[in-house]
Amino acid sequence: MGDSVAGVTARARTIGVDLPLSVDFALIGHQESWRAAADVLAVLRGPERTPLPDDEIKDILPWIPPRAVCHVDIESIAGANARGLYIDSFIPPDRLEAAYVHENIARVRKAAACAIKAGAKIVSLGGFSSILIEGNFDQLPERNDTVFTTGNTLTVAFIVQGIQKMCALERLNLSRSTLLIVGATGDVGSGCVRCLAPLVRRVLLSARNVERLRRLEAELQADGVQVEIATDLQRFSAEADVVICAASLASPSLLLGRIAPDAIVCDAGYPKNLSPTAEMLRAKVFFGGLGQITGGMKFTPDFHGVLNRHPFPDVVHGCLLEGMALALEHRFEPFSQGRGFITQERVDEMETIAARHGIYLAPLYNADGPLGDGLDARWNGREDESMVERLSRTVESSF
Amino acid sequence: MEPLIDVNCSPMECTSLSPSAPIWQDILAQAMTGELLAAMNYTSLSEMCEDPAEVADALEHSECERGHAAAFAAEGRKIGVDVTNNVDAKHWKRLRDAFLRCITERDFFGCLIVQEIMLESFAVASYSRVGKVGPGSLGQTFARIAAEEGEHVDHAMAILRAERARDAQRFDDKVYRLHLDVMTTLAQMLAKECKDGHCEVCHASCVKPSLFEVSLSAAELRGASLQQYLKTLDMLGIPGEVTLTWVTQLPV
């Protein structure tokens with residue numbers, strides 16, 4: 001017992017007291033699966049204690065109030081650095097449905113209050129945190145000098161870059177392709193539409209809200225885009241050969257149905273959109289919206305590979321990277337807020353900021369592992385963990 | 001020091017015809033035992049205090065807790081069961097011993113941390129949950145007492161926050177030492193199953209597996225208690241990432 005007391009007290013000092021009270025940025029997230037949540041709790045319990053059984057985790061996690069889990073230190077290739085906090089809202093992975101929306105908004109509000117209390121100058125909202133708040137920024141607590149960004153602009157940038165890269169890898173001519181966007185009227189979906197519609201032959205837009213679909217259709221038609229809308233994926237008159245899945249689904253349940261046999265499919269959902277039972281044998285699926293911070297990222301305590309469960313080092317969801325990039329740039333402003341304001345110009349601006357600090361599109365991968373040229377650059381000189389170890393974890397990630 | 005209410009544990013038969021009465025009997029027995037233990041703790045605290053105002057305050061709290069214990073006993077009578085108590089039951093005795101160690105060390109703030117932050121968090125949260133599902137006046141009594149215990153926590157909070165402001169690291173180290181002692185015992189009490197034998201308070205077999213019959217569960221009571229504890233530590237100003245680690249390291 002004496003050892004554990006000393007150990008925990010020492011760690012408490014390291015993460016709680018000796019460090020400066022104020023941080024540059026905060027990242028608000030939640031775990032995508034019970035497996036991911038179990039791994040986070042296992043790190044907190046420490047290696048000397050037996051991991052909690054699955055049923056205990058499901059009993060305990062819903063009761064944990066939102067709070068900081070670890071510090072995050074990042075470095076820019078331009079020499080800047082920034083210190084942040086990862087704050088988990090502890091939304092249970094099986095409570096993302098609409099039935100829990102008020103409970104979950106309350107959790108995000110409390111997580112936001114933690115970020116404000118910690119003195120974060122900018123806060124990125126990850127995953128459902130962003131979806132819950134993007135139309136409700138007025139519901140965030142009084143925020144003094146703290147600004148919030150959904151991070152969706154950089155997510156859009158990495159989705160678009162990923163589509164272009166995959167098309168190049170697969171030798172698919174984007175200008176002749178039919179693009180389907182599922183979740184087209186959401187902030188990320190509509191941003192992707194605005195960036196990619198001028199580059200493709202035809203656009204198919206799918207979403208649940210027909211009024212929003214019609215408004216987006218009218219906007220695109222005014223720009224001369226050939227566009228078709230449907231709330232039912234089976235209703236489109238043509239097959240898509242490029243697909244972006246950006247729907248706000250509580251679990252991976254999307255079945256695409258009619259798409260071209262060799263379609264390129266970007267699953268940009270958090271949680272993932274595509275159902276594991278979806279039969280797309282020849283489709284080229286990749287996980288979109290992910291970037292890599294090449295200057296380096298360190299967690300204290302060490303959640304390396306636990307919060308960022310990707311088969312490559314220092315890969316993070318674009319929404320969280322946006323806050324990091326803005327912190328490194330010392331631009332503490334709410335770059336992405338609301339829904340439907342993401343334009344090509346804003347995406348270009350955010351890409352430039354990110355690239356200046358060495359934040360680029362992550363190597364492409366999917367549930368089966370790395371894709372294409374991802375193999376060439378996968379470790380960035382770091383080989384502290386084998387590919388087998390990385391892929392033995394699920395690819396779900398809160399980062 | 002002798003408690004004012006007989007704390008000898010004598011197994012009682014349930015005489016109520018209500019099928020859920022034996023469950024309420026055990027819930028009331030645990031609550032009554034906790035209240036008597038709190039009363040004993042405050043009486044001990046009063047004997048350590050020198051300031052007459054603090055002595056009076058501690059004795060007033062002790063009387064209040066005895067009143068709570070009597071209220072739980074009365075609720076038992078209303079449903080036709082005798083509510084026993086046993087402050088010498090193994091878990092409760094360990095909690096009492098932890099408090100008495102603070103008394104021995106004349107550690108006033110340690111006493112407050114054990115009683116007001118740890119034991120009262122448990123009481124406020126679990127009584128609130130029972131208050132929501134308890135029938136009639138039994139539920140109302142639990143809810144009322146939960147609110148009163150919450151006021152005790154608020155009272156102690158101002159004192160403890162001022163103490164922490166003097167030396168946060170020293171204060172947090174003290175809370176952590178007491179956490180390991182007290183919260184480990186509470187976590188064992190709150191475990192979904194009593195794996196190390198009878199708790200010596202339930203009148204027959206362990207009540208936990210039957211709690212679902214009165215719309216409760218051991219997991220819910222544990223979750224609510226730990227949540228309340230974390231929130232109370234937040235109010236004290238201890239960093240959330242630190243207290244999260246403490247709580248996740250508790251036994252299950």
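Mentor: Two strands pair if DSSP finds at least two bridges between them. This is a predicted model, in which local features need pLDDT of at least 70 and side-chain atom pairs count only at pLDDT 80 or more, while totals for chains, interfaces and linings use all residues. Residues are numbered from 1 along each chain as its sequence is written, and chains are lettered from A and ligands numbered from 1 in the order in which they are written.

Trainee: What makes β4 and β5 of chain A a pair, and in which sense do they run?

Mentor: Strand β4(A), residues 122–125, and β5(A) are joined over three bridges in the parallel sense; since at least two are required, they therefore count as paired. Within this pairing, Ile122(A) stands opposite Val147(A) of β5(A). A strand here is a DSSP run of E of at least two residues, and a helix a run of H or I of at least four, both numbered from the N terminus.

Trainee: Why do β5 and β13 of chain A stand at the edges of the sheet?

Mentor: The open sheet has six strands in the order β5-β4-β1-β3-β2-β13 of chain A, with mixed pairing. Both β5 (147–149) and β13 (297–300) have a single partner strand, so one side of each is left without a neighbour in the sheet. Neighbouring strands are turned by 25° against each other on average, direction ignored.

Trainee: Which helix lies across β4(A), and at what angle?

Mentor: Helix α9 of chain A, residues 318–328, lies across β1, β2, β3, β4 and β5 of that chain and runs at about 165° to β4(A). Such angles run from 0 to 180 degrees between N-to-C directions, with axes fitted to C-alpha atoms, for helices over the stretch in contact.

Trainee: How do you know that residues of chains A and B are in contact, and how many are involved?

Mentor: Contact requires C-beta atoms, placed from the backbone, to lie within 7 Å, and by that test 22 residues of chain B touch 26 residues of chain A. On chain B's side, α6, α7 and α8 each supply at least two residues, and α7(B) gives the largest share, seven.

Trainee: Is Phe212(B) buried or exposed, and why?

Mentor: Phe212(B) sits in the loop between α6 and α7 of chain B. A residue is buried with 20 or more other C-beta atoms within 10 Å of its own, exposed with 12 or fewer, and partly exposed in between, these atoms being placed from the backbone. Phe212(B) has 12, so Phe212(B) is exposed. Its C-alpha atom is separated by 11 Å from that of Val133(B), 79 residues apart along the chain.

Conventions: Contact = placed C-beta atoms within 7 Å.
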